[in-house]
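Please look over the sequence and the model, and then read on.

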Amino acid sequence: MQPKNSVVHLPVYQPGKSVDEVKRELGLDRIIKLASNENPFGSSKQAKQAILQEVNNMSIYPDGAAQALTDAVAAHLDVERKQLIFGAGSDEIILMICRAYLVPGDEIVIADQTFPQYKHNAEIEGAVTIEVPLKDGAHDLDAMLAAVNDRTKIVWICNPNNPTGTIVSADELDQFIARIPAHVMVVLDEAYCEYVTDPNFRDALELVRRYSNVVSLRTFSKIYGLASLRIGYGIGHPDVIHTINQVREPFNTTRFAQAAALAAVQDQAFIEDCRQKNAAGIQYVQQQFARMNLDSFPAHGNFIMVDVGFSAIEVFNALLRRGIITRAGHSKYPQHIRITIGSQEENEAMVQALEEALEEVKVTK
Ligand SMILES: *Cc1c(COP(=O)(O)O)cnc(C)c1O
């Protein structure tokens, strides 16, 4: 049997270590996972209630069109129902966009580094990925525009960017969109937009209303705290959403995910509370890093990318031995680790462990 040429060389996704794995391997009882940008405050209580009620309908297929959830999100964002599509995480929206729009030989433009799924799914479709280096950890929109040509189908902008946490400002984005050719789709991955408090940031909704080639991706996995349920959505022009719907699997999101997401979107008090706690957490961590003379990129999501001054893998392992799971292994940043902002108690434990870890790595050098 011969797989597709475009698939043969693809790596299998390597998740970060799970809490149970680390406990077992290192014989620790307390683990703090700051590796996957999950919400340290869990999720809305209403979401849990909604799932418990939905358990009675377990044997019945979900509503493939997610109509009730569509109504709730359309009302929350003040967009048309026809502008929304739901997926098994925004990961699935990325997959569906690539499936619907990319053919072999097409090009996409992304930042180097950014979220890996844009390139991964482009490769499956046989498309070519043009990677444009970040400038000071942020998207270089001028250079990305210069990389656009007749073959370009999609430009992906992750805002805030994973893994660096930087944003592109509203002005930069306006200028970029005004100059991008109409045949190019611009996808703004806004997985962390609900966390942003910087006044220079504006989410993509206004651009989606004004330009038919702009799509925004959102998720319930991050600030909404529903990562295990796999539900996210796209917002775009009705024609684009129709096209993506043409490749969508009939029942791609579950009853439980839809019910929980609907309840979660109606509990904005929980979201506001998480946003405030996260902003305070960022401030605390940044102060501590400054005290330790560590440089970090401006953090706008629920994570921070810090230059540890030594091999990131070594510091990652030294933190792991102290029960703190972070994320290293970013090819362009061999001395940076990405750390999710946790609860205040978790952040304090992380800072203490990082001080010890850096001391250990320094001594063994
Ligand atoms: C977490 C994340 C996603 C996708 O999350 P889902 O769980 O698939 O919704 C998409 N983009 C970025 C940048 C992310 O960090």
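## The second largest pocket

In the lining of the second largest pocket, the largest share comes from α10, which supplies four residues; helices (H or I, at least four residues) and strands (E, at least two) are DSSP runs, numbered from the N terminus. The model is a predicted one, in which local features need pLDDT of at least 70, side-chain atom pairs count only at pLDDT 80 or more, and totals for chains, interfaces and linings use all residues. Residues are numbered from 1 along each chain as its sequence is written, and side-chain values use heavy atoms, with hydrogens and water left out.

This pocket has a volume of about 260 Å³, the space filled by probe spheres set on grid points that are joined across faces, edges and corners. A pocket is an open set of points on a 1 Å grid over the protein atoms alone, where a 1.4 Å probe fits, with protein on both sides within 12 Å along at least five of seven lines, and lining residues have an atom within 4 Å of a point. Of its 17 lining residues, A65, T70, R81, L84 and N245 lie nearest the centre, and the elements that give two or more residues to this lining are α4 (67–77), β2 (84–87) and α10 (238–247).

## The largest pocket

The largest pocket has a volume of about 1300 Å³, and of the 44 residues that line it, Y13, F115, P116, Q117 and R327 are the closest to its centre. At least two lining residues come from each of α5 (90–101), β3 (107–112) and α6 (117–124), and α6 gives the most, with four residues.
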